[in-house]
Amino acid sequence: MEYFSSRFHCSSLFLLISGLIFPSIVNSIGINYGQIANNLPLPEDVVPLLKSIGATKVKLYDADPKVLRAFANTGIEFVVGLGNEYLSKMKDPAKAEAWIKSNVQPFFPATKITCITIGNEILTLNDTSLTNNLLPAMQSVHTALVNLGLDKQVSVTTAHSLAVLETSYPPSSGAFRRDLKECISEILDFHSKTGSSLLINAYPFFAYKGNPKQVSLDFVLFQSNQGVLDPNSKLRYDNMLFAQIDAVYSALNALGYKNLSVQISETGWPSKGDEDEVGATPENAMKYNGNLMKLVSQKKGTPMRPSSNLDVYVFALFNENLKPGPTSERNYGLFKPDKTPVYKLAVLTGNNGENSTGGGTDDGDSEGPSSPTSSSTGYLSISAANKEKFGFGGPNPILRLQGILFASFMSSLLLVLFL
């Protein structure tokens, strides 16, 4: 169970496998392998499925031995997880070492375990106990890895909600919540010393769902559009995810951590939803995930970090029939439990694709729409309001509040976004 859990310079090329169209090589694309279901295929049957779509990395929300054993000698990299319920125990170095000896060492190095995530979205839960236990648990697990001689191969990190940001528009003004600065600075210092990455869960779907009349669908689906100009950096953004990533980089820069890498540990789009879940369709899911995977395959970074490869984990591998919440929660998968594709996912690897490439520098004279002048409002703004967290990984229900909260900020963009 899951708990808190260059562009290819070649002619157009497609690879058709299992009813899906994927690029012959996809670099650095990861898949979240959730298992809140009672009808999923055996892990042994998942191995060829992942290989068929070119996935090179898998993220689990636990350390399922059946999965880790099944993927031995496949070369696929694994992130394993320690749920929120383990944090208090993992403060004890002896217990952390015992956990690694039971859940990592027996499968390593045959199964390429490269990272352990400690908890999920802890800092936005408003749970003092969990927050206080997070860094000590991370430190204990890392110390255990050092003692076992595994720290050079396996890193330690934790995944955060995008709601750790207080300001995210424009991207160049990104900043962490003031009430979290002390805590997150200590975590960032840990990343800096150990060489691990900052993990962020980001779902542009919720922004669109919360305000479909004002948020451009093309902008969130990586489709062709005029983009939005950052008035400070003069960088133009033609998709929301890249702007969100760069807002995180700006927040890191503001605290003096300019060299930390950022990974998107979860992002995706549901293929089905309830009546009020606007945009949850197979067509939109196909565009979001397909265009995202194309951008990843191009080895192209964001406007602020163009030379940094994207490191993204798509949510999710399968539809999970036992996930609580609205219909969308059970329909983020690329595949159905019977291993058939939910939709055909086409990724063009040629030079003349129609999809966007993420934006770039703007000299101020381009014809696209101008950007809002406020540094604290806009399509990317994140509320610092208290949010309730449910007990599972993936696109948690509290993230839906982000989309709803976006509505209060969107009026400033009515004359900006693609009118």
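How many residues does helix 10 have, and how far does helix 10 reach from its first C-alpha to its last? Select residues 282-297 to find out. Helix 10 has 16 residues and reaches 22 Å, close to the 22 Å expected at 1.5 Å a residue. The expected span is 1.5 Å times one less than the number of residues. Helices here are DSSP runs of H or I with at least four residues, strands are runs of E with at least two, and both are numbered from the N terminus.

Before moving on, note that this is a predicted model: local features need pLDDT of at least 70, side-chain atom pairs count only at pLDDT 80 or more, and totals for chains, interfaces and linings use all residues. Residues are numbered from 1 along each chain as its sequence is written, and side-chain values use heavy atoms, with hydrogens and water left out.

**Stop 1**

Colour helix 10 by accessibility. It is mostly covered, with 12 of its 16 residues buried (under 20% relative accessible area; exposed is over 50%, partly exposed in between; 1.4 Å probe, protein chains only). Among them are N284, Y288, L292 and K294. Step just past the helix to K299, which takes a positive phi of about 55 degrees.

Now select helix 1, residues 43-52. Its buried residues are P43, V46, V47, L49, L50 and S52. G54 follows helix 1, with a positive phi near 80 degrees.

**Stop 2: the aromatic rings**

Show Phe, Tyr and Trp. The whole structure holds 12 aromatic pairs (ring centres within 6.5 Å, using the six-membered ring of Trp; planes under 30 degrees apart are stacked, over 60 edge-to-face, the rest tilted). Zoom to Y203 and Y332. Their rings are edge-to-face, 5.9 Å centre to centre, with 80 degrees between the planes. The pair links distant parts of the chain, 129 residues apart. Y203 is in the loop between strand 10 (198-201) and helix 7 (204-210). Y332 is in the loop between strand 14 (312-315) and strand 15 (360-361). Y203 counts as buried because its relative accessibility is 4%. Y332 is buried too, at 1%.

Ring pairs link Y61, Y203, F205, F206, Y208, F222, F242, W269, Y288, F315 and Y332 into a cluster.

**Stop 3: the largest cavity**

Go to R305. Its charged end sits over the ring of Y249, 3.9 Å from the centre (NZ of Lys or CZ of Arg within 6 Å of the ring centre and within 35 degrees of the ring normal). Both R305 and Y249 line the largest cavity, whose volume is about 90 Å³. A cavity is a set of points on a 1 Å grid over the protein atoms alone where a 1.4 Å probe fits but cannot get out; lining residues have an atom within 4 Å of a point.

Helix 9 (240-254) and strand 13 (262-267) each supply at least two lining residues. By class, the lining has 6 nonpolar, 4 polar and 2 charged residues (nonpolar: Ala, Val, Leu, Ile, Met, Phe, Trp, Tyr, Cys and Pro; charged: Asp, Glu, Lys and Arg; polar: the others, Gly among them).

**Stop 4: backbone geometry**

Most residues other than glycine have a negative phi, and most peptide bonds are trans. Check the F108 to P109 bond: cis, with omega near 10 degrees. P109 is in the loop between helix 4 (93-103) and strand 6 (112-120). Y169 and P170 are also joined by a cis bond, omega about -10 degrees.

Finish with E121 and K339. E121, not a glycine, has a positive phi of about 55 degrees and is buried at 1% relative accessibility. K339 has phi near 75 degrees and is partly exposed, at 32%.

Definitions and conventions. On a 1 Å grid over the protein atoms alone, a cavity is a set of points where a 1.4 Å probe fits but cannot get out, and a pocket is an open set with protein on both sides within 12 Å along at least five of seven lines; lining residues have an atom within 4 Å of a point. Grid points are joined across faces, edges and corners, and a volume is the space filled by probe spheres set on the points.
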